[in-house]
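User: I am new to this structure. Could you walk me through how to read a few of its features?

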Amino acid sequence: MEANTRSTGRLPAAFLTPGSSSFMDFLSDHSPGMLPGNRQLPPLQGAIEAPHGTTIVAASFPGGVVLAGDRRATMGNMIAQRDIEKVFPADEYSAVGIAGTAGLAVEMVKLFQLELEHFEKVEGATLSLEGKANRLSTMIRGNLAMAMQGLAVVPLFAGYDVDREKGRIFSYDVTGGRSEEHGYASTGSGSVFARGSMKKLYREDLTEEQTLTLVVQALYDAADDDSATGGPDVARRIYPIVTVITDEGFRRLDDTESAEIARAILERRLEQPDGPRAALL
């Protein structure tokens, strides 16, 4: 195929007339070795040491959803990177936060972005939010062989559903099993602590500003109890990545906005180290 392409200067006809709206199916047919789950790993002895992303949190509010992540990547008991990016736009109205093996997770996000863009170009329409969540589920399932060898990817997917006119959150397991979360969700090593924090503070009538504070509070609480989760690093000016998705589309808070929220929380934590208290029923 490659020799024929060089001699004619043209792409094969199959490349110009894809039979499927799925970019993943196209790769499976024409270049399956490029899919992460199809790669063969060399024989290994002992555990695989690779950078891992940690905590991702999401919370919905009337009019949209917030998705955020800390900035630390770990490799065993070592900090592999202090400023890794774990939250990415999937398209105009959705985003993905990654936890698990960092390299594979970032590659999966790039493939997911291509998958959604390919569908839109072939079909002339965008997938529904439900359809996007299902496509991501299929991609995670395709990585199952890698996950069984310790290279798991467990993302959190969130977006604004233009049909239902509200924000929605989807969580996954390593087999691609998908669950819709209501109100708030978390994944990664600090997810238990982040979820506990949001469980006590979340309300359905929170404003966008309050929801932004909520998710950063949750990441702070996760970092307080989980060494793999990084808290706001004032000295290095490294703050959580915080994104908002509404009917106006995806927006990532700039460093100044994230820093303002994080610093306000840090100031209050000087008086209340364990954070705000929820009222007793």
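Analyst: Start with A59, which lies in strand β2 (residues 56-61). Helices (H or I, at least four residues) and strands (E, at least two) are DSSP runs, numbered from the N terminus. This is a predicted model, where local features need pLDDT of at least 70, side-chain atom pairs count only at pLDDT 80 or more, and totals for chains, interfaces and linings use all residues. Residues are numbered from 1 along each chain as its sequence is written, and side-chain values use heavy atoms, with hydrogens and water left out.

User: Is A59 buried or exposed?

Analyst: Buried means under 20% relative accessible area, exposed over 50%, and partly exposed in between (1.4 Å probe, protein chains only). A59 has 0% relative accessibility, so A59 counts as buried.

User: What is A59 in contact with, leaving aside its neighbours within four places in sequence?

Analyst: Contact means heavy atoms within 4.5 Å. The partners of A59 beyond those neighbours include I169, Y184, Y202 and L214. Also look at M198: its C-alpha is 8.4 Å from that of A59, although the two are 139 residues apart in sequence.

User: Which residues are buried in helix α7?

Analyst: In α7 (residues 191-201), they are S191, A194, S197 and M198. Their arc around the axis is only 130°, so they sit on the same side of α7. That arc is taken from the directions from the helix axis to the C-beta atoms. V192, K199 and K200 are exposed on the other side of α7. The buried residues of α7 pack against β2, β12 (184-187) and α8 (208-225).

User: How do α7 and α8 pack?

Analyst: Two packed helices are described by the angle between their axes and the distance between the axes. Axes are lines fitted to C-alpha atoms, for helices over the stretch in contact, and angles run from 0 to 180 degrees between N-to-C directions. For α7 and α8 the angle is about 140°, and the axes are 7 Å apart. The two helices are therefore oblique to each other. Angles under 35 degrees count as roughly parallel, over 145 as roughly antiparallel, 65 to 115 as roughly perpendicular and the rest as oblique.

User: Which residues meet between α7 and α8?

Analyst: F193, A194, S197, M198 and L201 in α7 meet L214, Q217, A218, D221, A222 and D225 in α8.
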